[in-house]
Amino acid sequence: MPAVHPSFATLSGPALLPLLPDLARLRIAVFRDWPYLYEGDEAYERDYLRTYAQDPGAAVVVCRDGDAVVGAATCAPMATSHRAVREAFAAAGLDPAECCYFGESVLLAQYRGQGIGVRFFAEREAHARRIGLTRAAFCGVLRDPADPRRPIGYVPLDAFWRKRGYVPRPDLTITFDWKEIGAAEETPHTLSFWLKDLGA
């Protein structure tokens, strides 16, 4: 039964370590679906998520239904996050030191539509402001709308992101490699950024 009153906690540092297995499985489950079609590996995911626990400026907003972790959203200062992201921003004339990078927001399907995604953005933006950052950014994978794997009735999140105040930057892209479901090896995927000015 989906949570009517889910609980939230914004966690940093060692407090994240006990949750790494749950967070890894959550990422794999959510990103397996369109548009990412990601064939996840739990050991890799735990190592990836551990970088948030090791970054003193990073945080993960965790949503629980009782004791079960059903959603999570990550953020970290861009200055200490992915090198490729920093380089993309610097090449576009944007200062990575001003920006909080929102790595992912994952939520089990049965919990969507209850305002949890809105809360994820609000909590991450609050964290960014607490650590003195004035801009937030995230990226989403670009897919061909005619791709036959696209589910019938799929609605992109663009309108949701715009309502949160984010502006698309189609000129600002990055490439990440990952293995799609059923693939033998990793392939490159292009992602485009969305930005929001958080004010002083």
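Let me begin with a definition: a residue counts as buried when its relative accessible area is under 20%, as exposed when that area is over 50%, and as partly exposed in between, with a 1.4 Å probe and protein chains only. By that rule Gly 57, with a relative accessible area of 13%, is buried.

Before I go on, this is a predicted model, in which local features need pLDDT of at least 70 and side-chain atom pairs count only at pLDDT 80 or more, while totals for chains, interfaces and linings use all residues. Residues are numbered from 1 along each chain as its sequence is written, and side-chain values use heavy atoms, with hydrogens and water left out.

A disulfide is a covalent bond between the sulfur atoms of two cysteines, and here the term is applied to a pair of cysteine sulfur atoms within 2.5 Å. The structure holds zero disulfides. For Cys 63, the nearest cysteine sulfur is that of Cys 75, 15 Å away, and Cys 63 is buried at 0% relative accessibility. For Cys 100 the nearest cysteine sulfur is again that of Cys 75, here 4.4 Å away, and Cys 100 is in no disulfide; Cys 100 is also buried, with a relative accessible area of 0%.

Now to the aromatic side chains. Rings of Phe, Tyr and Trp (for Trp, its six-membered ring) pair if their centres lie within 6.5 Å, and the pair is called stacked if the planes are under 30 degrees apart, edge-to-face if they are over 60, and tilted for the rest. The count by this rule is 15 aromatic pairs. One of them joins Phe 102 and Tyr 166, whose ring centres are 6.5 Å apart and whose planes stand at 55°, so this pair is tilted. The two residues come from distant parts of the chain, 64 residues apart, with Phe 102 in the loop between β4 (99–101) and β5 (105–107) and Tyr 166 in the loop between α5 (158–163) and β7 (167–178). Phe 102 is buried at 2% relative accessible area, and Tyr 166 is buried at 2% as well. Both belong to one aromatic cluster, which is formed by Phe 102, Phe 121, Phe 138, Phe 160, Trp 161, Tyr 166 and Trp 194.

A charge is said to sit over a ring if NZ of Lys or CZ of Arg is within 6 Å of the ring centre and within 35 degrees of the ring normal. Arg 124 lies over the face of Phe 121, 4.8 Å from the ring centre, and the charged end of Arg 143 sits over the ring of Trp 34, 5.5 Å from its centre.

Trp 34 also takes us to the backbone. Most residues other than glycine have a negative phi, and most peptide bonds are trans. The peptide bond from Trp 34 to Pro 35, however, is cis, with omega near 10°, and Pro 35 lies in the loop between α1 and α2 (42–54). Leu 37, which is found in the loop between α1 and α2, has a positive phi, near 55°, and is buried at 11% relative accessibility.

Arg 149, in the loop between β6 (135–141) and α5, is partly exposed, with a relative accessible area of 42%. Arg 149 and Leu 11 are 138 residues apart in sequence, and their C-alpha atoms are 36 Å apart in space.

Definitions and conventions
Helix = DSSP H or I, 4+ residues; strand = E, 2+ residues; numbered from the N terminus.
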